[in-house]
Amino acid sequence: MNETLNKKNKTKLNWWGYLFIAPAMFFFLMYILYPIIFVFSHSLFSWSTIANMKWAGIENYIKLFHDSIFWVTIKNSFKWILVTVPIQAVLGFIFAYIIEERLGRKKREGKTISKTVFRTILFIPVVTSVTVVAIIWSKIFQPYEGILGHYLSLWFGMSSTINVLGNANLSLVGCMIANIWEWTGWSMIMYVGGISQISDDLKEAARIDGASVWQELRYVYIPLLSSVHKSLLMLGVIGSLQTYALVSVMTNGGPNHASEIPGTYIFLTGFTHSQMGYACTIAVAILLLALILTFIQVRFLGSGDFAKKGDGR
């Protein structure tokens with residue numbers, strides 16, 4: 001009798017569990033799994049609208065391998081990852097260390113310096129609309145009237161007509177600078193959380209032993225923040241491949257595809273050139289690239305709770 005009641009109770013608990021996860025499952029199936037299946041299946045067709053779909057098989061994929069612009073977007077994506085992710089992490093760590101340790105020590109010594117103010121100022125770009133960020137930096141880089149040209153002319157005697165976003169060699173750099181400015185605050189907050197988990201006793205022991213600031217950073221902070229380093233690397237790589245709005249507003253992939261990235265190229269192919277099937281093919285290729293990079297990171301960095309796997313075990 002008791003066993004029967006226990007089974008019934010377990011069944012009820014299971015149904016309640018399914019009920020609680022139902023919204024999340026619906027979201028996953030509707031907005032993640034279904035779009036992936038839709039894009040993959042429709043990448044095998046040539047179409048501009050669903051009404052005029054024609055079977056193409058792997059023709060779109062063959063075309064992709066011979067598409068020079070696609071390979072430019074891949075190269076730009078790797079440049080974006082190699083430049084923005086490390087710089088954001090380094091700047092975020094420096095700001096977090098200064099705010100938490102330097103300003104924190106002054107506050108403990110009786111000097112009233114609010115860490116919250118500095119945290120808020122540095123985090124504002126993160127919560128600012130990406131379109132607003134793009135417009136602000138477009139104005140900064142604008143020739144003749146832009147702030148950058150003005151101060152380059154004032155301080156270094158350079159021409160104020162410099163057109164960063166209109167230069168094929170500088171347009172991607174300009175977009176990356178805006179991205180770094182926007183997301184450094186996120187890295188800072190991640191490191192603030194990591195630094196708060198480091199034992200004060202350990203920090204004090206290092207100071208008593210006569211460790212310099214650099215030795216503290218090298219032997220205490222940097223190793224103990226390995227979980228944050230890994231998290232920022234994984235999030236940065238995935239976020240870089242998803243970048244679209246910032247580049248779209250600032251350069252729209254120009255000039256002459258110099259700052260083209262996968263997101264802008266997919267939009268250009270699908271909605272401007274009306275090659276939706278080929279756009280789906282590009283999206284599938286980027287998805288596969290993201291999966292490969294994620295697999296490599298998980299393979300070498302571990303998965304799950306980085307805080308417990310920071311030592312590589």
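Trainee: In which helix is the place of Leu224?

Mentor: This is a predicted model. The helix in question covers residues 213-224. Leu224 therefore has its place in helix α9.

Trainee: Does Leu224 count as buried, partly exposed or exposed, and at what relative accessibility?

Mentor: Buried means under 20% relative accessible area and exposed means over 50%, with partly exposed in between. Leu224 counts as partly exposed because its relative accessibility is 44%.

Trainee: Which residues is Leu224 in contact with, leaving aside its neighbours within four places in sequence?

Mentor: The C-alpha atom of Leu224 is separated by 8.2 Å from that of Gly194, and these two residues are 30 apart along the chain. With neighbours up to four places away set aside, the contacts of Leu224 are Ile198 and Leu202.

Trainee: Why does Gly277 count as buried?

Mentor: Gly277 is found in helix α13. The cut-off for buried is under 20% relative accessible area. Gly277 counts as buried because its relative accessibility is 1%.

Trainee: Which residues does Gly277 touch, not counting those up to four places away in sequence?

Mentor: Val39 is 238 residues from Gly277 along the chain, yet their C-alpha atoms are separated by 8.4 Å. Beyond four places in sequence, Gly277 touches His42, Ser43, Phe45, Trp47 and Asn60.

Trainee: Are the helices α12 and α13 roughly parallel or roughly antiparallel to each other?

Mentor: Helix α12 holds residues 262-272 and helix α13 holds residues 276-301. Their axes come within 7 Å and cross at roughly 160°. Angles over 145 degrees count as roughly antiparallel. The two helices, α12 and α13, are therefore roughly antiparallel.

Trainee: Is the crossing of α12 and α13 left-handed or right-handed?

Mentor: The axes of the two helices cross at roughly 160°. The hand of the crossing of α12 and α13 is left-handed.

Trainee: How many nonpolar, polar and charged residues has the contact of α12 with α13?

Mentor: From α12, the residues that meet α13 are Pro262, Tyr265, Ile266, Thr269, Gly270 and Phe271. In α13, they meet Met276, Tyr278, Ala279, Ile282, Ala283 and Ile286. By class, this contact has ten nonpolar, two polar and no charged residues.

Trainee: What share of the residues in the protein is buried?

Mentor: The secondary structure comes to 14 helices and two strands. The protein exposes about 19000 Å², and carbon and sulfur atoms supply 68% of that area. Of the 313 residues, the buried ones make up 37%.

How values were computed:
Residues numbered from 1 in each chain as written. Predicted model: local features only at pLDDT ≥ 70, side-chain atom pairs only at ≥ 80, totals over all residues. Heavy atoms only, no water. Helix = DSSP H or I, 4+ residues; strand = E, 2+ residues; numbered from the N terminus. Buried < 20%, exposed > 50% of the residue type's maximum accessible area, 1.4 Å probe, protein only. Areas by Shrake-Rupley, 256 points an atom, 1.4 Å probe, with all protein chains shown as cover. Axes fitted to C-alpha atoms, helices over the stretch in contact; angles between N-to-C directions. Parallel < 35°, antiparallel > 145°, perpendicular 65-115°, else oblique. Left-handed = near helix turned anticlockwise from the far one by under 90°. Contact = heavy atoms within 4.5 Å. Nonpolar A, V, L, I, M, F, W, Y, C, P; charged D, E, K, R; others polar.
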